Amino acid sequence: MLSTFSVSRILFPNIQSLGILTPKLLNLGPYTLDFTSSGRHMAVGGRKGHLAIVDMKTMGLIKEFQVRETVRDVVFLHNDLFFAAAQKSMANILMTGRYPYIYNRDGTELHCLKEHGAVLRLQFLKNHFLLASINNFGQLHYQDVTMGEMVGSYRTGIGRTDAMQVNPYNGVVALGQSLGTVSMWKPTSSAPLLRLLCHKGPVSAIAFHPNGHLMATAGKERKIKLWDLRKLGDEPLQTLPGNAKTLDFSQKGLLACQLGNGSSVQILRDLDGNQTYKTYMNHGMVKGFQIEKLLFRPYEDVLGIGHSMGWSSILIPGAGEPNFDTLVANPFETSKQRRESEVHSLLDKLPAETIMLDPAKIGTLKPERKKEKPTKQEKVAGIEAAVEVVKAIKLKKKTKGRSKPSKRTIKKKELIAKAKSPFLAQEMKEEEQVARKKQKTIEYVETPTSLLRFVRKKATA
Amino acid sequence: MKVKVISRSADEFTKERSQDLQRVFRNFDPSIRTQEKAVEYVRAQNAAKLDKIFARPFVGAMEGHIDSISCMAKNPNHLIGIFSGSMDGEIRLWDLASRRTVGRFPGHKGAVQGLTVSTDGRVLVSCGTDSTVRLWSVPVSNLLKEDASSDKSAQPRETYVWKNAFRSVDHQWNSDRFATGGAGVDIWNHNRSAPEQSYQWGTDTVVSVRFNPGEPHILATSASDRSIALYDLRMGKPTSKFIMRTRTNSICWNPMEPINFTAANEDSNCYSFDCRKFGEATCVHMDHVSAVMDIDYSPTGREFVTGSYDRTIMIFPYNAGHKREIYHTKRMQRVFCVKYSCDGSYVISGSDDTNLRLWKSKASEQLGVLLPREQKKHEYHEAVKNRYKHLPEIKRIVRHRHLPKPIYKAGKQIREQNESQRKKQEKRKAHSAPGSIVEEPLRKRKIIKVE
């Protein structure tokens with residue numbers, strides 16, 4: 001029923017070839033993993049620097065290599081050819097380089113993204129080709145991986161956070177804060193789109209349902225809460241007990257989380273579709289394995305578990321989408337199809353401005369904004385500016401006694417009054433309108449019956 | 001224990017032999033594809049840009065005439081041929097595919113002012129300033145053969161001399177009668193050397209005559225007293241007439257809706273009329289900056305092409321006030337005649353610089369045989385572009401045309417003038433008693449009198 005592959009079965013690279021004699025490290029740290037969008041390939045990163053790409057169909061190892069630095073997160077870019085790893089250099093104290101690196105499928109280091117800083121989590125927005133990262137100072141960076149342009153970098157003010165997730169429905173990045181709020185960000189604004197107070201303690205994990213309506217958050221106070229994103233209120237849809245460091249939704253809406261103290265997995269399911277989740281399956285692993293990451297494999301009924309001793313995959317019936325669409329993600333892609341789909345997805349690359357909370361707004365017309373009236377300060381400033389202009393005018397010097405000082409001052413006063421007159425006329429007009437409105441409202445006030453005899457009737461012409 | 005999980009066998013999803021086609025599987029569930037609207041919008045933008053990249057409307061020029069081209073005629077039975085007549089009396093038959101002269105009809109002593117072909121394609125009628133009407137038999141075999149060695153000149157079948165110079169000629173549909181416009185409107189028969197009937201309404205020259213394609217006895221004419229008149233041949237007298245502010249240079253009936261016709265006017269506008277109701281135009285098409293010389297409808301009846309004195313050709317939709325497309329070249333001078341090809345894909349223009357030019361009617365159309373996949377792709381691009389073409393970014397790309405500087409400046413000036421007239425009218429209205437100033441719509445303003 002289970003198919004477990006542990007890392008020890010995969011041969012380690014020849015560490016002697018790196019010129020260093022080190023003992024075989026069975027304990028290469030808790031593993032984090034990522035799948036490509038078709039579910040065919042998996043990238044694995046161990047905390048102690050072990051990076052590998054595995055072909056999940058044939059269970060064959062494509063490439064594995066040691067980077068000799070702490071690896072915190074691994075994420076695939078648009079296909080299996082490229083992946084990014086968030087590394088921290090531990091070798092040299094002077095050279096504290098903590099940057100994400102982009103690697104090729106062959107293990108060649110392609111780019112070192114220095115602007116991102118000491119990255120804790122990486123996420124890739126597939127439609128926009130944006131690599132989003134959060135570093136330990138709480139800075140959020142968005143980089144376009146097609147041309148390498150940094151689209152946005154913001155100081156979120158959150159502090160150090162480990163919980164970062166992309167909502168696949170609309171492309172916003174959700175960050176969980178140590179104060180219990182979840183904030184949602186887009187690359188074109190320095191202020192968050194939304195802030196939700198979710199938990200009483202720090203938020204440890206966030207997960208989004210693929211249809212974009214449900215969000216699951218896990219807090220350190222051992223609660224998992226489910227929120228409806230269309231109708232955000234104070235109360236979550238459901239609160240479940242659980243101490244989860246990682247959460248994930250499958251394509252069919254199953255929720256995977258940890259149970260107890262870290263070595264067993266719980267899968268929850270809503271049977272009737274009314275968004276109440278109940279336990280579906282539990283899976284206990286060897287005691288002592290600390291689960292680092294849970295991730296469902298797309299288009300398969302498989303849950304990948306990255307833990308402290310390696311990675312495992314278990315079968316969960318009903319988790320994956322059985323019918324894939326060739327034009328979206330093809331698990332049986334040939335290299336020719338992969339090349340074509342890369343070009344098509346580049347042509348359809350969305351600009352970063354299209355990320356918004358409600359993606360259906362694109363293509364609709366903006367409602368017309370009423371013209372705003374100028375404030376009092378602006379009006380006064382306008383009058384002053386006009387008067388200044390008039391004062392700066394130099395009057396022509398007339399001869400034959402026509403340029404007496406008294407006449408000149410009178411002329412100047414006239415010019416200033418003329419300059420002010422349009423503003424004053426506008427003010428009077430507005431006052432008149434306001435007065436008319438007031439009159440209308442006053443007319444409808446009814447007098448009490450006892451006072452009717454004192455009401456003076458208007459003379460009708 | 002049996003567990004039901006997804007299991008796919010590679011046989012179904014991969015191809016066996018290299019010459020097999022790859023199978024494509026579809027799942028239209030919206031939750032596996034995200035942000036569809038944004039992707040569609042990006043695709044619409046790309047489609048609009050691609051349209052502009054592939055917009056190469058000019059196909060070729062046909063040289064050979066030695067004087068400016070005054071009139072053209074298209075043969076309803078042969079798509080490939082077109083006749084052109086020039087100001088020095090030379091008439092040529094061109095083959096549009098190879099863009100070469102296939103036949104010559106020498107004989108006219110002065111400018112050829114009108115050309116028309118009979119409905120069966122056998123007889124070409126031409127008239128000119130030398131007061132003659134000549135009938136030629138069209139050599140059908142020449143249109144099929146393309147050898148340059150054969151003798152291309154033809155002798156006229158008949159030559160009828162009359163009293164006044166002629167300005168235009170048109171052939172009746174499915175008959176052997178044709179009408180000429182000169183001092184008045186004359187109805188001729190192929191076999192008679194004098195006109196059967198003559199109409200006169202007013203004393204000014206008739207500038208253009210056109211028979212109605214749907215009702216063969218109805219004839220529309222325009223004269224230099226700024227009038228447009230309708231004649232009915234069965235009744236033996238002219239039916240109705242109205243006078244506009246400026247002269248109409250050319251008229252064309254809508255082949256799909258024969259009750260409507262469009263008149264190309266001297267004041268750089270085209271006016272579409274319903275022939276039953278002459279009091280007001282149904283649509284005013286404004287974009288030219290100088291007199292519109294000629295007009296022709298597409299066989300679909302959905303758009304028409306106009307050639308103007310301002311050296312440009314414009315294609316208008318039949319019910320829209322502004323152009324869909326504009327074509328211009330540095331080498332093309334005043335355009336005197338335009339024709340829409342009978343299959344609706346090409347536009348031919350004859351101009352002052354003695355050349356006929358062949359243009360595509362859809363500038364970014366891919367010519368030739370298209371694979372079904374290519375066809376589908378083009379249709380998809382069209383559809384997605386039309387869905388979002390009202391949004392500002394895409395509208396900007398779709399609408400943009402490079403105009404030659406004189407046209408651009410003249411257009412701007414006209415707009416400014418109209419704007420200032422409008423503002424003045426508004427101020428007049430604002431400062432007079434409400435209801436005392438009544439503004440007539442533009443469609444009525446240009447018509448002075450209806451008789």
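Q: What distance separates the centres of domain 1 and domain 2 of chain A?
A: Domain bounds here come from an automatic or database domain assignment. They divide chain A into domain 1 (2-356) and domain 2 (376-460). Taken over C-alpha atoms, the two centres are separated by 66 Å.

A note on conventions: this is a predicted model, in which local features need pLDDT of at least 70, side-chain atom pairs count only at pLDDT 80 or more, and totals for chains, interfaces and linings use all residues. Residues are numbered from 1 along each chain as its sequence is written, chains are lettered from A and ligands numbered from 1 in the order in which they are written, and side-chain values use heavy atoms, with hydrogens and water left out.

Q: How many helices and strands does chain B have?
A: Helices (H or I, at least four residues) and strands (E, at least two) are DSSP runs, numbered from the N terminus. The C-alpha atoms of chain B fill a box of roughly 105 × 75 × 45 Å along the principal axes. Its secondary structure comes to seven helices and 29 strands.

Q: What span does H2(B) reach from its first C-alpha to its last?
A: Helix H2 of chain B covers residues 36-53, and has 18 residues.

Q: Which helices do the buried residues of H2(B) pack against?
A: Buried means under 20% relative accessible area, exposed over 50%, and partly exposed in between (1.4 Å probe, protein chains only). The buried residues of H2(B) include Val39(B), Tyr41(B) and Val42(B). With contact meaning heavy atoms within 4.5 Å, they pack against H4 (372-387) and H5 (392-399) of chain B and, from chain A, helix H1 (335-347).

Q: Why does Asn269(B) count as buried?
A: Asn269(B) lies in strand S20 (residues 269-274) of chain B. Not counting residues up to four places away in sequence, Asn269(B) touches Ala263(B), Ala264(B), Val284(B), His285(B), Met286(B) and Val292(B). Asn269(B) counts as buried because its relative accessible area is 9%.

Q: What distance separates the C-alpha atoms of Ala291(B) and Tyr309(B)?
A: Ala291(B) is found in the loop between strand S21 (283-286) and strand S22 (292-297) of chain B. Beyond four places in sequence, its contacts include Asn249(B), Ser308(B) and Tyr309(B). Ala291(B) and Tyr309(B) are 18 residues apart along the chain, yet their C-alpha atoms are separated by 5.4 Å.

Key. The expected span of a helix is 1.5 Å times one less than its number of residues.
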